[in-house]
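User: I'd like to go through the packing in this one. Can we start with the cavities?

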Amino acid sequence: MVDDNSWDKCVEEAVNVLESRQLLRSLRPICMSTQNEEELVKNRGNEGNEYEVFDGMRQWDRASVEVSVSVPTFQKWLHDEPSNGEEISSEDALAECSKGRFKKLLLFSGNDYLGLSSHPTISNAAANAVQKYGMGPKGSALICGYTTYHRLLESSLAELKKKEDCLVCPTGFAANMAAMVAIGSVASLLAATGKPLKNERVAIFSDALNHASIIDGIRLAERQGNVEVFVYRHCDMFHLNLLLSSCKMKRKVVVTDSLFSMDGDFAPMEELSHLRKKHGFLLVIDDAHGTFVCGENGGGVAEEFDCEANVDLCVGTLSKAAGCHGGFIACSKKWKQLIQSRGRSFIFSTAIPVPMAAAAYAAVVVARKEKWRRKAIWGRVKEFKELSGVEISSPIISLIVSSKIRLPCNGDKTTHSTTQFLQAKGDTECSTYHRRCEETHRCTIFLFGL
């Protein structure tokens, strides 16, 4: 059993080094109104009535999945012809739509799992903020872009994830980049010469199918000479344990998607928790697809598997189930200090606009209260399994295809070419990815609770 407080000591020492060098950066919320933060929480939070919630679907919920594309765009799409979006110009878009020259589609490729992007309470929160403050101060969070609205959002996300604090980032991609680079910076900050020797670097163990933002963040940290990278086979805990046991480096980190966007499977959280206790590594999860979707309160995959205390850093996004925009890192106060001081993608990016912060906070309130939306998603998962015979474990359905797509329905497994399927069904948009290590295509379908 390894002392699991070792990383707490490391990050505290790293923060102390930054402070001694006068490099510790601070966030200072700008007040956008005459109200202080406590009044904002009281009047706009769970205690107030400003955030209206509903007990079931309403007519606006379908707006998040019903879209239209121009007929020329649709035809190019069917025939896989390259496009830069030039088929339609901004001047004639509304006119063409009114003439019925658009093809109506149902989205199965988006990530608006709860349908919150069209929720009136969230739209009103953004609209009210726009009317009062415009887009708010424009600048990085460390200069002037951080307001009481951002702080309120961070507090609500920290509570959701059961963490001490939270850092809101411009995007989920930026959040993962900032987290990985900041983790790597521990090695250089604690090295006597500022350049860590090989055994002083951070050993990062990454799942083979982790998101590109994690991979790019690790690559940057590796380029800086701060980390050594070990890739373990997808969700293979035997392989991970083998790599951890053979690694002589002191500082170890395991990073994984919690719910994988390509395969739709969950990281083995219980086994990861067990290995964390055994090896004393820092556990980082990207809960982009689990936040608000999993867990009784929408706390994500860690809440679903009852292992929140074993997750050290929880990265998430506000652009999927929250229906808004932005990213976040839920963590301890010390880790927040380190990331906001060393995470370049956070430091050198403009903060999310005030209306988006206001909308995202409203989304947290609505998502926690309207629990029926989560139940509806998992009801769709159950229905899909029963109707198709395909064994799935989440709202993300991954079908491996080449030039043909196999779509089983009611036990009748019929194979269609992708083009034939779209022409026949003509009302569906699926998401096709090209997998890095295989010469295959996969059709990924996302289910919504609508």
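Analyst: On a 1 Å grid over the protein atoms alone, a cavity is a set of points where a 1.4 Å probe fits but cannot get out. Points are joined across faces, edges and corners, and a volume is the space filled by probe spheres set on them. This is a predicted model, where local features need pLDDT of at least 70, side-chain atom pairs count only at pLDDT 80 or more, and totals for chains, interfaces and linings use all residues. Residues are numbered from 1 along each chain as its sequence is written, and side-chain values use heavy atoms, with hydrogens and water left out.

User: How many cavities of 30 Å³ or more does the structure hold?

Analyst: It holds 4 of them.

User: Which residues line the largest one?

Analyst: The lining (residues with an atom within 4 Å of a point) includes Y146, H150, E154, C169 and F346. Helix α7 (148-161) and strand β3 (165-169) are the elements that give two or more residues to it. Helices (H or I, at least four residues) and strands (E, at least two) are DSSP runs numbered from the N terminus.

User: Now the core. Which residues touch the most other members of the largest one?

Analyst: L153, L157, F205, L240, V254 and F292, in a nonpolar core of 67 residues. Such a core is a set of buried Ala, Val, Leu, Ile, Met, Phe, Trp, Tyr and Cys residues joined through side-chain atoms within 4.5 Å. Buried means under 20% relative accessible area, exposed over 50%, and partly exposed in between, with a 1.4 Å probe and protein chains only.

User: Where does it lie relative to the domains?

Analyst: Domain 1 (21-31 + 119-367) and domain 2 (66-74 + 98-116 + 371-446) both contribute residues, so the core lies between them. The bounds come from an automatic or database domain assignment.

User: And aromatic pairs, how many are there?

Analyst: The search finds 7. Rings of Phe, Tyr and Trp (its six-membered ring) pair if their centres lie within 6.5 Å; planes under 30 degrees apart are stacked, over 60 edge-to-face, the rest tilted. W7 and W335 are a tilted pair, 5.9 Å centre to centre with 35° between the planes. W7 is in helix α1 (residues 6-20) and W335 in helix α13 (residues 333-342), 328 residues apart.

User: Are those two tryptophans, W7 and W335, buried or exposed?

Analyst: W7 and W335 are both buried.

User: What about F205 and F230?

Analyst: F205 and F230 are stacked, at 4.9 Å and 15°. F205 is buried at 0% relative accessible area, while F230 is partly exposed at 25%.

Methods
On a 1 Å grid over the protein atoms alone, a cavity is a set of points where a 1.4 Å probe fits but cannot get out, and a pocket is an open set with protein on both sides within 12 Å along at least five of seven lines; lining residues have an atom within 4 Å of a point.
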